[in-house]
Amino acid sequence: MNPIPTSKATRRACRITKVTAYVVGMRWRNCVFAHVETDDGIAGVGEGSLEYQPQAVAAAIDQLAHRYVIGSSAFSIERLFNDMLRNEFMRGPIINSAIAAIEMAMWDIVGKALDRPVYDLLGGRMYDRLPAYANAWYGQAKTPAEMEKAAAAVAKKGYRGLKFDPFGDSGRDPAASEIRKAVDLVAAVRQGVGPDVEVLIDAHGRFSVGAAVDVCQKLEPYNLYWMEEPVDADNHGALAAVGRAIKARLATGERCTSRYLLQSLLSTNEVDVLQPDLIHVGGILEGKKIAAIADAAYIPVSFHNPFGPVATAAAVQLDACTSNFVMQESFCEYDVEMRFDLLEHAPKPVGGHYDIPDRPGLGVGEFRPDVALAYPFDKDAFLPLFKSGWAERF
Ligand SMILES: [Mg+2]
């Protein structure tokens with residue numbers, strides 16, 4: 001079944017014997033992990049967290065394990081990815097996320113079997129360490145003065161940039177007073193970080209085209225590094241209309257679930273930074289391919305990363321060997337502390353940068369099921385971006 005040579009005693013097939021999905025309540029979202037075991041005694045971990053449907057992903061992981069994964073070699077990443085994606089037919093966020101959880105765990109196993117980090121298997125490392133930008137740092141800050149103080153504290157840690165959504169629960173066409181309030185918050189943050197820290201704004205697809213252009217023009221004095229999803233990214237023509245009218249870089253891509261959908265998005269020539277999510281696209285290898293497609297259009301990538309420690313570790317591995325990597329999104333220092341207990345070695349920025357681990361696989365050591373089980377599925381873990389006060393859940 002598997003074209004993997006097993007005749008040489010030194011080569012292990014690492015046939016998968018067991019896949020266990022875990023849903024872990026982590027304050028404002030549940031994260032999903034797949035723990036994958038092999039007949040060689042090597043185990044790996046992957047992450048399939050998806051905005052707000054964790055149990056659906058966990059069920060899909062179980063189903064995929066039964067249909068495709070049990071009995072396959074952990075080295076059959078390309079074949080298994082295509083097998084799952086094509087046969088599942090109605091692919092999309094849930095199937096892709098389940099595939100990603102399994103795929104990341106396969107890379108972790110392969111790296112451990114070969115005693116090499118994953119980046120060494122995908123081109124080798126290019127950097128000494130990885131600049132990061134902070135997110136979720138502003139949960140308790142509401143007034144401009146509070147935002148300025150919180151932003152200054154982030155900048156002091158050494159991050160290259162910081163990101164936030166200053167628009168509250170705004171919808172397609174906010175009132176002038178709502179826009180003014182957001183502009184005041186951005187002004188305060190720029191004041192707090194000074195001229196050299198990048199200010200990134202995420203609008204989470206809130207606006208109409210007209211409102212988006214208006215807001216972006218009002219924010220021009222604050223020298224934004226990027227404006228992310230000023231309108232929803234499903235309609236590429238509408239997104240491009242905003243891109244043409246604004247000065248800030250247009251960032252998008254976290255909801256683009258495959259390299260096939262990417263063609264139409266990039267053909268607008270209006271995307272300035274692409275933000276693939278390694279879970280939403282189906283794993284590390286698909287992320288590598290998408291980064292190369294972006295590079296062919298001279299577009300840098302910044303992998304979307306709001307979830308748990310395994311997804312962060314996977315992003316760090318891919319960042320390390322990606323020529324058009326720009327900076328890594330990081331929630332780590334503004335997240336639940338237990339994220340550092342789920343793994344033997346969970347990534348955490350130091351001085352606003354990620355170190356690149358030289359441990360094998362994803363560099364995380366062993367997954368700790370006992371910790372995962374201590375934080376079960378939480379029905380209320382949710383971040384409704386169109387209901388007031390959502391950021392307080394950070
Ligand atoms: Mg975003």
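This is a predicted model: local features need pLDDT of at least 70, side-chain atom pairs count only at pLDDT 80 or more; totals for chains, interfaces and linings use all residues.
A residue is counted as buried if 20 or more other C-beta atoms lie within 10 Å of its own, the C-beta atoms being placed from the backbone.

Strand β3 belongs to an open sheet of three strands, ordered β1-β2-β3 and paired in the antiparallel sense. The edge strands are β1 (16–26) and β3 (43–47), each of which pairs on one side only. From one strand to the next, the twist averages 20°. Helix α3 (residues 93–114) packs on this sheet and touches β1, β2 and β3; the direction of α3 makes about 145° with that of β3.

Five bridges join β3 to strand β2 (residues 29–38) in an antiparallel arrangement. Ala43 in β3 is the bridge partner of Glu37, and Glu47 in β3 stands opposite Phe33. The two strands β2 and β3 form a hairpin with four residues between them, and Gly41 in the turn has a positive phi of about 85°.

Phe33 also has a place in the largest nonpolar core, which has 133 residues; Phe33, Ile61, Ile102 and Leu162 have the most contacts inside this core. Helix α3 contributes the largest share, 13 residues. Beyond its neighbours within four places in sequence, Phe33 is in contact with residues including Val45, Gly46 and Glu47, as well as Ala101, Val310 and Phe367.

Conventions:
Residues are numbered from 1 along each chain as its sequence is written. Two strands pair if DSSP finds at least two bridges between them. Axes are lines fitted to C-alpha atoms, for helices over the stretch in contact, and angles run from 0 to 180 degrees between N-to-C directions. Two residues are in contact if their C-beta atoms, placed from the backbone, lie within 7 Å. A nonpolar core is a set of buried Ala, Val, Leu, Ile, Met, Phe, Trp, Tyr and Cys residues joined through C-beta atoms within 7 Å. A residue is buried if 20 or more other C-beta atoms lie within 10 Å of its own, exposed if 12 or fewer, and partly exposed in between; C-beta atoms are placed from the backbone.
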